[in-house]
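Thanks for coming. I will go through one structure today and look at a few side chains and a few backbone angles.

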Amino acid sequence: GHLAGAAFNTCSKASAWREAVQLFNEMVNDTVERDVVVYSAAVSACEKAREWSQALLLFYEMTDSRVERNTITYSAAVSACE
C-alpha cells in the first residue's frame, strides 16, 4: 500500500490525476490491495486536480470495498468539494 501511495503522491504533484486513477484501477488486476493509504492518495490526487466528482466516487467506493476512511481521506474529499 505504501509504495502505491507514493506513486499516487507523485502523480498528484505532477497534476496527473488521470494517471493516478488509471494506476488505481490497474491495481485490482495486479492483486495489489487497495487500503486506506491507496484510497486516500487517489482521492488527494483528484482533489489537487480539482476533480471533485472523481474524488467523491473514490471516497464512496471505499464503503463498498470495506475500507475505513481516515482523517486524510475526509480532508481530501472535503477540499475537493470547495
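The structure holds one salt bridge, meaning a side-chain nitrogen of Lys or Arg within 4 Å of a carboxyl oxygen of Asp or Glu. The partners are Arg34 and Glu61, at 2.8 Å from N to O. Arg34 lies in the loop between helix 2 (17-29) and helix 3, and Glu61 lies in helix 4, so the pair ties together parts that are 27 residues apart in sequence.

Before I go on, this is a predicted model: local features need pLDDT of at least 70, side-chain atom pairs count only at pLDDT 80 or more, and totals for chains, interfaces and linings use all residues. Residues are numbered from 1 along each chain as its sequence is written, and side-chain values use heavy atoms, with hydrogens and water left out. Helices (H or I, at least four residues) and strands (E, at least two) are DSSP runs, numbered from the N terminus.

Are the two partners buried or exposed? Arg34 is buried, at 17% relative accessible area, while Glu61 is partly exposed at 23%. Buried means under 20% relative accessible area, exposed over 50%, and partly exposed in between, with a 1.4 Å probe and protein chains only.

Now the backbone. Most residues other than glycine have a negative phi. Which way does the phi of Arg50 go, positive or negative? Arg50 has a positive phi of about 60°. Arg50 sits in the loop between helix 3 (36-48) and helix 4 (52-64), and is exposed at 69% relative accessible area.

Arg66 also has a positive phi, of about 60°, without being a glycine. Its loop runs between helix 4 and helix 5 (71-80), and Arg66 is exposed at 77%.
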